[in-house]
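Trainee: Please take me through this structure, and I will ask as we go.

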2 protein chains.
Amino acid sequence: MGELIFVGLGLGGVDDLSARTVRALKECDQVFGEFYTSKLIDSTPDDLEKVIGKSIVRLKRREVEEEETVIEAAKMGKVAFVTAGDTMAATTHVDLKIRAMEEGIQTTVLYGVSIFTACASALGLQPYKFGRAVTIPFPEPGYTPLSPFENIYENWSRGLHTLVLLDIREEEGRYMTANQAVKWLIDAEKAKGLGMITESTIICAAARVGSRTEKVSAGYPSKMLDEDMGPPLHAVVVPGKLHFVEAYALVKFAGAPEEIADDQNL
Amino acid sequence: MGELIFVGLGLGGVDDLSARTVRALKECDQVFGEFYTSKLIDSTPDDLEKVIGKSIVRLKRREVEEEETVIEAAKMGKVAFVTAGDTMAATTHVDLKIRAMEEGIQTTVLYGVSIFTACASALGLQPYKFGRAVTIPFPEPGYTPLSPFENIYENWSRGLHTLVLLDIREEEGRYMTANQAVKWLIDAEKAKGLGMITESTIICAAARVGSRTEKVSAGYPSKMLDEDMGPPLHAVVVPGKLHFVEAYALVKFAGAPEEIADDQNL
């Protein structure tokens, strides 16, 4: 019977892959890649192909979610399913693992560095103090869901930080920017009137976390609306109550205004 | 001026290190290791020394938190500070980075795979659906803080999962087990009477996540009290409301009872 290895490639490039991962990929009969929910920053799938010495079949969403492409291949031999970040962050990938196990295919997960923790680390924010994460979608005509804003507010009102992931439309080459996300937050505040996003609210942005060109920035909305974070991928954090070390970290790591680390503001 | 590189070693062993990490460590003049808040499962610090070709200075808590050992070394050359998991998960390590920057030392973070996301992945639970994480401390005579239980309840009442990290007393060689954590949860429920931990509550345990001997298990408290998870490190998850793919995943990956995936229970 076959084998299916789920490989999280992490966030950087091919030299951020572990020896174990590279060896596993070299041993596989076939490697499938899913690059529509995330992507590597420092390398392309072509670079990865050179390192592992074989071609990677790029999967379309339909092939992962509806078809048996990967499962059928894994019945016949040793197959890898690779994604940027950590492979198990998407429900559809968990579902793929369940389906494989139901077919009697042996499965293994090689974890990758994930934006869920690396973004906190880049900003110096404590992972313990994050509430649930949210994703902001690109606005559609006539459809602006505000539930992400409500979830951020729920975290914030309990003193917790929120990791805000931004919509990716890989097929269209569209990646939501931190500036767009800040605009979305300001507009949602106008619509909901919860008093969370004001002129004196600190918003954090992180770009290309885990790559050589990583950039983090933090400041008031007026600054963050125009802050040039460079190419994608971007993420945003709306902090809750800052511990003084966190406040200092935002000043030192991300250029936040020094007054946020004043005692009376903590 | 010097350089200080924060290296997250991840959760497995030396062959889970990236080429970039190994190269950086080989280039360093000195490598400091902090192994009292976490540790690698598949390898020892001695194994790591062999791979990088130099000795690792094992730091005591005092040396990280109060003394300038690392900072003074980093003023003089290229220095690494290595930990299992992700280096920035501890406030004291963020503080170390701040202090280094204040001394004009160049800092870099190489992210490692962290239990904060890998534990969710191992169980097939969605990272988006986790509220804040908690840590359960070993009980001290006359001191049993129940705030972790209250935080789990706050997540649970919102339908969110909680990652429960378990106390490590590395100096004493004591690592809290999943069984002890389940007992703690049952006792806390008796003390608080919130109706969260009942005979029909699913509790998840994960041992040595990211290692070759990883084991996950999920089930009712009666099972989890005695489930043999093997050697440390252990972690526990108290799930909130399960999506049906998550419920199936707990059945397939972790041996949870099949009835939790019945439609009427979701």
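**Sheets, interface and loops**

Trainee: In strand 12 of chain B, which residue is the bridge partner of A206(B)?

Mentor: The partner is A235(B). Please note that this is a predicted model, in which local features need pLDDT of at least 70, side-chain atom pairs count only at pLDDT 80 or more, totals for chains, interfaces and linings use all residues, and side-chain values use heavy atoms, with hydrogens and water left out. Residues are numbered from 1 along each chain as its sequence is written, chains are lettered from A, and ligands are numbered from 1, in the order in which they are written.

Trainee: And how many bridges join strand 10 to strand 12 of chain B?

Mentor: Four bridges join them, and the two strands run antiparallel. Helices (H or I, at least four residues) and strands (E, at least two) are DSSP runs numbered from the N terminus.

Trainee: Which helix lies across strand 6, strand 7 and strand 12 of chain B?

Mentor: That is helix 7, residues 147-157, at about 140° to strand 6 of chain B. Helix 10 (residues 244-254) of chain B also packs on the sheet, where it touches strand 10 and strand 11, its direction making about 125° with that of strand 11 of chain B. Axes are lines fitted to C-alpha atoms, for helices over the stretch in contact, and angles run from 0 to 180 degrees between N-to-C directions.

Trainee: What is the strand order of the open sheet with mixed pairing in chain B?

Mentor: The order is 6-7-12-10-11, five strands in total. Strand 6 (134-136) and strand 11 (215-219) of chain B are its edge strands, each pairing on one side only. From one strand to the next, the twist averages 25°. Two strands pair if DSSP finds at least two bridges between them.

Trainee: Which order does the open sheet with parallel pairing in chain B have?

Mentor: That sheet of five strands has the order 3-2-4-1-5. Strand 3 (56-58) and strand 5 (106-110) of chain B each have a single partner strand, so one side of each lacks a neighbour in the sheet. Strand 1 (residues 3-8) and strand 4 (residues 78-83) of chain B run parallel and are joined by six bridges; V7(B), for instance, has V82(B) in strand 4 as its bridge partner. Helix 2 (residues 45-52) of chain B lies across strand 2, strand 3 and strand 4, running at about 155° to strand 3 of chain B.

Trainee: Changing topic, how many residues does each chain bring to the contact?

Mentor: Chain A gives 50 residues and chain B gives 51, contact meaning heavy atoms within 4.5 Å. About 4500 Å² is buried between the chains, with 60% of that from carbon and sulfur atoms. Buried area is the accessible area (1.4 Å probe) that two parts lose on being put together, summed over both.

Trainee: How many salt bridges does the rule find across that interface?

Mentor: It finds six between chain A and chain B. A salt bridge here is a side-chain nitrogen of Lys or Arg within 4 Å of a carboxyl oxygen of Asp or Glu. One of the pairs is D15(A) with R23(B), at 3.0 Å from N to O.

Trainee: What about D15(B), and which residue does it pair with?

Mentor: D15(B) forms a salt bridge with R23(A), the closest N and O atoms being 3.0 Å apart. D15(B) sits in the loop between strand 1 and helix 1 of chain B, while R23(A) is in helix 1 of chain A, so the pair joins two chains.

Trainee: Where is the cis peptide bond at L233(A)?

Mentor: A cis peptide bond joins P232(A) and L233(A), with omega about 0°, and L233(A) lies in the loop between helix 9 (221-224) and strand 12 (234-238) of chain A. In chain B, P232(B) and L233(B) are joined by a cis peptide bond with omega about 5°.

Trainee: And what is phi of R208(A)?

Mentor: Phi is near 55°, a positive value in a residue other than glycine. R208(A) is in the loop between strand 10 (203-207) and strand 11 (215-219) of chain A.
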